[in-house]
Amino acid sequence: VRRNIAPGEAEKIRSLLRTQLDWELLLTEARRHSVLPLLYRGLQQFQPPPAVSGLLRRACLHSQQRNLALTSELLRLLHRFETARIPAVPFKGPLLAMLAYGDLSLRTFGDLDVLVHESDLKYAREVLIREGYVPEFSFTADQEDAYIKTECALQLRHPGRDVVIELHWLLTERYLSIQLPAGQIWKRLKPATLAGRPVLAFAPEDLLLYL
């Protein structure tokens, strides 16, 4: 599952493939660790059993389709935020796939994460609600204030698109012993490109620390 397989590593893999591998266990673990696309790409040069290759190919095709749909939805929502003059920064998800691998298809992700300023949180949530998203929780005003004081993200789901977006105003819950300084992270944002569109991204050192 490495991005680049060195010659010595390749020989070790060939040696393993000549043994009786427990393919069911391998695929189960690859799925659990969300590295099926990387495993599929890495195994192609070693001619795995046809049944294994076929299973991986079908799983990866499904993952690629899902990734493209999520990326398209993320770019659509970022445009809505921009129109509403709400600064919004995507992280993890498709942007991490591009930063880490240069390829949307090589990372499995299941939801979308966007950072906004706490002062813009309620406006950003209203934008998402107008787009058909439903908040995970229904709060009274007092409950919402208490939630914002202790948590770091609101989760909303679009029932028609089966998309979950987490709207962050902080990167860690307030009750944890470590606080990542969101204000400083905003100051260090870097330009990036996602599916041909310019976006803002965390500086590499901030992204590494967060991950």
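S34 is partly exposed, with a relative accessible area of 34% (buried means under 20%, exposed over 50% and partly exposed in between, with a 1.4 Å probe and protein chains only). The model is predicted: local features need pLDDT of at least 70, side-chain atom pairs count only at pLDDT 80 or more, and totals for chains, interfaces and linings use all residues. Residues are numbered from 1 along each chain as its sequence is written, and side-chain values use heavy atoms, without hydrogens and water.

- Most residues other than glycine have a negative phi.
- S34, which is not a glycine, has a positive phi of about 60°.
- S34 sits in the loop between α2 and α3; helices (H or I, at least four residues) and strands (E, at least two) are DSSP runs, numbered from the N terminus.
- A195 likewise has a positive phi, near 50°, and lies in the loop between β6 (190–194) and β7 (197–201).

**Helix α3**
- Seven of the eight residues of α3 (residues 36–43) are buried, namely L36, P37, L38, L39, Y40, G42 and L43.
- The cover over these buried residues includes α1 (7–17), α2 (23–32), α4 (50–83) and α5 (93–101).

**Nonpolar cores**
- A nonpolar core is a set of buried Ala, Val, Leu, Ile, Met, Phe, Trp, Tyr and Cys residues joined through side-chain atoms within 4.5 Å.
- In the largest core, of 36 residues, those touching the most other members are F81, V114, V116, L128, I165 and L167.
- Helix α4 gives the largest share of this core, six residues.
- Beyond its neighbours within four places in sequence, L128 is in contact (heavy atoms within 4.5 Å) with L77, F81, Y133, L156, I165 and L167.
- Another core, of 13 residues, lies apart from the largest one, and its members include A30, L39, Y40 and L43.

**Largest pocket**
- The volume of the largest pocket is about 360 Å³, taken as the space filled by probe spheres set on grid points joined across faces, edges and corners.
- On a 1 Å grid over the protein atoms alone, a pocket is an open set of points with protein on both sides within 12 Å along at least five of seven lines, and lining residues have an atom within 4 Å of a point.
- Of its 14 lining residues, V1, I13, L16, L39 and L43 are the closest to the centre.
- Both α1 and α3 give two or more residues to this lining, and α1 supplies the largest share, five residues.

How values were computed:
On a 1 Å grid over the protein atoms alone, a cavity is a set of points where a 1.4 Å probe fits but cannot get out, and a pocket is an open set with protein on both sides within 12 Å along at least five of seven lines; lining residues have an atom within 4 Å of a point.
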